[in-house]
Amino acid sequence: MSTLSIANARIIDPASGYDDFGTIVTRDGRIMAFGPHVQTEGDIIDADGHICAPGLIDMRVTTGEPGRENRETIATAAKAAAAGGITSIVIMPETDPVIDDMSLVDFITRRAETAPVNVYAAGALTKGLDGKTLTEIGLMSQAGAVMFSNGTSPIAEAQTMRRLLSYSASFNALIANRAIEPSLSKGAVAHESDLSSRLGLTGAPAAAERIMAERDVALAELTGGRLLIDMISSAEALEVVRRAKSRDLEIACSVSINHLSLNEVDIGDYRTFAKLDPPLREESDRLALLEGINDGTIDVIVSDHDPRPAGEKRLPYAEATTGAVGLEILLAAGLSQVADGRLDLMAFLASVTSNPAALLGLESGRIAKGAPADLIIFNPNAPWVCNSDALLSRSKNTPLDGRRMTGRNLKTICKGRLVFDSSH
Amino acid sequence: MTYSKPLIDDIFGGIRPAARALDKAATTIQGWYDAGTIPQKHWNDVIKTAKEFDHHLTPDDFFPVKSPDASSFGYPFEKRHCLSIDDFHRPDIETLLSLGEHYLDLNVQKNPDRSVLKGKTLINVFFENSTRTEKSFELAGKRLGADVISMQIASSSVKKGETLLDTAATLNAMNPDILVVRHGSSGAPALLSQKVSCSVVNAGDGMHEHPTQALLDALTLRQAFDGQIDGLRIAICGDILHSRVARSNVKLLNMLGAEVRLVGPPTLLPTDADRWGVDIFHEMKTGLKGCDVVMMLRLQLERMSGAFVPSKREYFHFHGLDRTKLGYAKDGALVMHPGPMNRGVEISSDIADDPDISLITQQVETGVAMRMGILHALSEAQDRSKGANR
């Protein structure tokens with residue numbers, strides 16, 4: 001029986017809106033009690049007045065295991081996640097081989113048994129991510145897949161998407177589809193704008209995102225499937241989601257932390273580390289997306305952790321790969337926006353804890369009696385400078401290298417065990 | 001099956017001479033004319049008297065295998081075609097089922113009255129391949145005395161570019177009495193029926209209907225449940241979307257008072273099927289609860305490659321009928337399947353082969369009898385309408 005208490009903390013639970021100073025007592029990986037008048041028991045961690053919140057849940061993490069272990073393994077990703085205050089990660093199926101079978105879901109689960117944080121697998125929507133052939137969604141759900149995704153490529157054919165949403169509805173499975181209209185985005189490497197045309201880069205218009213979002217909303221309405229519009233990047237697509245939600249459709253939407261922190265100007269001078277998918281868009285889009293978090297239109301913020309070795313990044317802009325690491329960035333970059341007054345702290349925390357937990361059907365992501373003791377302690381005001389060399393992730397590709405940040409994770413507790421401590 | 005008038009006219013030369021010879025009121029003979037049959041208690045009198053007129057009758061001449069109720073509830077069966085269950089009202093269905101039941105007796109079936117379709121021509125026109133339905137119609141027609149020919153259109157003139165209506169005109173020129181048609185396009189038999197002057201029986205059209213299958217299923221159920229379909233809870237499971245059998249069965253079983261449920265993955269259920277007067281389920285566990293009958297449908301394997309369901313493995317896991325899933329149904333629930341079966345895909349072999357719970361063999365057996373009944377009823381309706389026009 002292991003007992004751990006966190007004393008002297010500002011306890012914030014976005015699920016219930018709880019915000020008060022006090023103590024949290026955990027036993028055997030579960031929260032036993034919390035509040036201002038709770039007595040400490042067992043081992044004691046002094047939070048020193050910092051915020052204690054549920055550990056973050058990151059719904060979109062890509063690793064290289066199996067197949068591309070030079071980019072990242074499950075073990076290195078889990079270590080980086082713990083450092084970043086993330087206690088649950090969902091691994092994307094875009095590996096080699098693709099996670100499109102229950103035995104591969106099982107492989108991920110087994111590989112993650114010794115990981116410091118909770119690791120879940122997302123199953124592929126189509127065989128080998130071919131965009132056409134349905135995978136065994138039912139069997140993979142039973143094997144433990146928490147959601148289904150087609151990786152970075154969208155389901156292009158409406159009929160296929162319809163059948164996927166319809167078929168998965170009987171398993172209540174969450175279907176994530178990227179909002180990209182493929183024919184409009186073909187060959188695009190940037191946002192279609194004045195800037196990208198000056199740079200001579202092929203752009204994808206925001207309309208490409210809006211069209212796909214509209215299509216998927218219509219299909220979800222037709223079939224009753226559970227849809228996650230994965231990583232929107234434009235105000236136009238946000239508007240589609242807002243309208244759908246105003247009609248009480250059960251549609252969820254995510255955004256990557258990069259698109260809340262950066263805009264298209266960051267690719268100036270052809271900085272390939274800021275080459276992302278979807279492309280960074282205009283400042284007005286970024287501000288709209290932040291507002292979308294505050295008003296609840298956007299449900300989830302993901303890190304979109306996509307580790308790439310420098311060799312894949314240090315290429316001419318059009319040839320360089322997309323993606324950025326984000327596990328150690330997500331919390332700090334979010335808190336930086338809070339410090340800038342752009343983001344509401346409670347709305348931010350909900351979008352990385354209780355909202356993803358609800359979508360994935362996890363019991364973590366909240367501070368409540370009996371809930372898993374997945375907790376973090378962070379200082380929302382700590383200033384620091386992001387140094388990519390100091391990242392724990394096997395790949396160091398981040399567009400935020402050298403950037404000043406406000407707010408940092410101090411300690412991570414997963415299943416009642418201290419798995420990260422910044423003071424060591 | 002109106003034999004009384006020709007018989008009496010032939011022997012006695014009309015109502016009044018017959019009434020005198022038999023020492024009966026003319027109205028009695030008129031009654032025989034109207035009914036088309038002679039009640040059994042008068043057969044001996046008629047045989048004896050006929051001898052005096054040099055006619056040697058046997059009980060067979062009285063058509064001893066008379067249908068029990070060719071006109072149940074006082075509604076004579078007057079339909080020209082059998083295209084859809086929608087064509088029939090309840091009394092028609094009762095008539096057809098009683099006739100089918102009558103032919104179910106193997107003695108009757110093997111020694112039937114071959115005059116029912118005597119002199120009639122039945123053409124099987126199959127635009128799609130079929131074995132059991134085609135042979136079942138062929139056997140039914142032959143047992144009732146018709147001239148039966150089967151045409152495999154799939155491999156003949158259509159390949160040479162003939163349209164359906166050209167084929168219809170060609171067939172019509174052969175003066176058939178009944179056309180049994182199977183076609184891959186929904187509504188094709190109905191189109192054909194408008195262009196020919198004979199009866200058309202739909203033996204399955206596209207994803208629309210297969211009315212004779214539904215009738216034989218209903219007859220099988222009647223046999224299994226002592227005539228009571230009313231109140232049975234019946235689950236039709238699997239590929240409803242592509243199934244013409246399901247569409248016909250939903251209509252017929254609903255008409256007969258059963259509580260019909262459809263169980264299948266959402267991709268294999270038609271949109272808005274809940275408006276068919278049935279309950280929709282996506283899980284076998286809830287769908288089979290309390291069911292008296294589980295009707296499995298064939299998963300059309302050719303359509304399966306990842307488009308509607310991911311794999312045979314997943315399909316069998318969630319929707320294939322095995323002992324565990326059958327356990328969700330009522331104790332002693334019976335299993336049906338219109339065939340051909342995919343063992344290990346929608347049904348496990350041990351269930352399909354268990355004679356205590358599987359009605360699958362009975363269904364095939366009932367098929368011939370039911371089709372004899374349908375051909376009988378249509379032929380009789382033809383005769384009646386010809387009589388009326390005369």
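**Helix packing and salt bridges in a predicted model**

Helix H12 (residues 330-339) and helix H13 (residues 345-352), both of chain A, pack with their axes 10 Å apart and at an angle of about 160°. The model is a predicted one.

Me: Why is H12(A) called roughly antiparallel to H13(A)?

Reply: The angle between the two helices is about 160°. Angles over 145 degrees count as roughly antiparallel, so H12(A) is roughly antiparallel to H13(A). Their crossing is right-handed.

Me: Which residues of H12(A) and H13(A) meet?

Reply: From H12(A) they are Leu330(A), Leu331(A), Gly334(A), Leu335(A) and Val338(A); from H13(A), Leu345(A), Phe348(A) and Val352(A). By class, this contact of H12(A) with H13(A) has seven nonpolar residues, one polar and no charged.

Me: Why is H7(A) called roughly parallel to H8(A)?

Reply: The axes of helix H7 (residues 206-223) of chain A and helix H8 (residues 235-246) of chain A cross at roughly 20° and come within 7 Å. Angles under 35 degrees count as roughly parallel, so H7(A) is roughly parallel to H8(A). The crossing of H7(A) and H8(A) is right-handed.

Me: How do the residues in the contact of H7(A) with H8(A) divide by class?

Reply: Seven are nonpolar, none polar and five charged. Among the residues that meet are Glu209(A), Arg210(A) and Glu214(A) in H7(A), and Glu236(A) and Arg243(A) in H8(A). Glu and Arg count as charged.

Me: How do you know that Asp101(A) and Arg313(B) meet in a salt bridge?

Reply: Their N to O distance is 3.3 Å. The rule asks for a side-chain nitrogen of Lys or Arg within 4 Å of a carboxyl oxygen of Asp or Glu, so the pair Asp101(A) and Arg313(B) qualifies. Across the interface of chain B and chain A, the rule finds two salt bridges.

Me: What else is there to say about the interface of chain B and chain A?

Reply: About 1,500 Å² is buried between the two chains, 56% of it from carbon and sulfur atoms. Arg313(B), Glu314(B) and Phe318(B) supply 33% of the area that chain B buries against chain A, more than any other three residues.

Me: What makes Glu101(B) and Arg222(B) a salt bridge?

Reply: The N to O distance is 3.7 Å, and the cut-off is 4 Å, so this pair counts too. Glu101(B) lies in helix H5 (residues 90-104) and Arg222(B) in helix H10 (residues 211-224) of chain B, 121 residues apart.

Methods
Residues are numbered from 1 along each chain as its sequence is written. Chains are lettered from A and ligands numbered from 1 in the order in which they are written. This is a predicted model: local features need pLDDT of at least 70, side-chain atom pairs count only at pLDDT 80 or more; totals for chains, interfaces and linings use all residues. Side-chain values use heavy atoms; hydrogens and water are left out. Axes are lines fitted to C-alpha atoms, for helices over the stretch in contact, and angles run from 0 to 180 degrees between N-to-C directions. Helices (H or I, at least four residues) and strands (E, at least two) are DSSP runs, numbered from the N terminus. Angles under 35 degrees count as roughly parallel, over 145 as roughly antiparallel, 65 to 115 as roughly perpendicular and the rest as oblique. A crossing is left-handed if the near helix is turned anticlockwise from the far one by less than a right angle, and right-handed if clockwise. Contact means heavy atoms within 4.5 Å. Buried area is the accessible area (1.4 Å probe) that two parts lose on being put together, summed over both.
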